[in-house]
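Hi,

Here is the structure I promised to pass on.

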Amino acid sequence: MNTISRRYFAFLALALAACGQGGINSSRDELDASVRTAQNALYASVPNAREVASRAAGVLIMPSVTEGGLFVGGSYGEGALLIGDAPVEYFSVAAASFGLQAGFQKASQALFFMTPEALANFRTTDGWSAGAETKYVFQEDSASFGVSTDTVNLPVYAIVFGQSGILAGATIEGAKYSRIIR
């Protein structure tokens, strides 16, 4: 990635962060409140999410991930890792995407770490990326996400919910989760 591309991505990520709730200037208490609100919305909209969370070693809740782009895009959000329903660490997610895309969208995200090993890997890796072992599901027209305690057999399971805005296209994207200090 050349210097201009890096600067463009950094500018886009900061601009998106400034637009989102729970952004880079929020306090720990504000972020905790946003996480609780998003967690309640998740439990209200996904029938089995509470049961899946009770079986998970940890759950990362990102209350507002803001994404936008026109051919080149980016996204940013901040959230908290909950273990035993208590926030223990704070993380950000930043992503860059390239391809045919246009628009702006906000969404919430929950990552369920279903094994202690997956959680330990997430917590000890500098700049963890969601990989092939992560299954993403999206809410469509208030239909079921397909989340059930019988089908969650991967180490990491992610749910994207509460989308607003419009973002269309086909892209190649890379996302990085990083620990932040609050």
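Below are my notes on one helix, the cores and a pair of strands.

A word on the basis: this is a predicted model, in which local features need pLDDT of at least 70 and side-chain atom pairs count only at pLDDT 80 or more, while totals for chains, interfaces and linings use all residues. Residues are numbered from 1 along each chain as its sequence is written, and side-chain values use heavy atoms, with hydrogens and water left out.

Let me start with helix 2, residues 28-45 (helices are DSSP runs of H or I with at least four residues, strands are runs of E with at least two, both numbered from the N terminus). Its 18 residues reach 26 Å from first C-alpha to last, close to the 26 Å expected at 1.5 Å a residue (that is, 1.5 Å times one less than the number of residues). Buried here are L31, D32, V35, A38, Q39, L42 and Y43 (buried means under 20% relative accessible area, exposed over 50%, partly exposed in between, with a 1.4 Å probe and protein chains only). Down the helix axis these buried residues fall within an arc of 135°, so they line one face of helix 2 (the arc is taken from directions between the axis and the C-beta atoms). The face turned away from them carries the exposed D29, T37 and A44.

Of its 22 residues, L42, I61, F112 and I159 touch the most other members. Helix 2 gives the most to this core, with 5 residues. Apart from this core lies another of 15 residues, among them M62, L81, W128 and A158.

Finally, strand 1 and strand 2 run antiparallel and are joined by 23 bridges (strands pair if DSSP finds at least two bridges between them). In strand 2, Q105 is the bridge partner of E67, and Y90 that of A80. Their hairpin has 2 residues between the strands, and G84 takes a positive phi near 60° there.

Best wishes

Terms used:
A nonpolar core is a set of buried Ala, Val, Leu, Ile, Met, Phe, Trp, Tyr and Cys residues joined through side-chain atoms within 4.5 Å.
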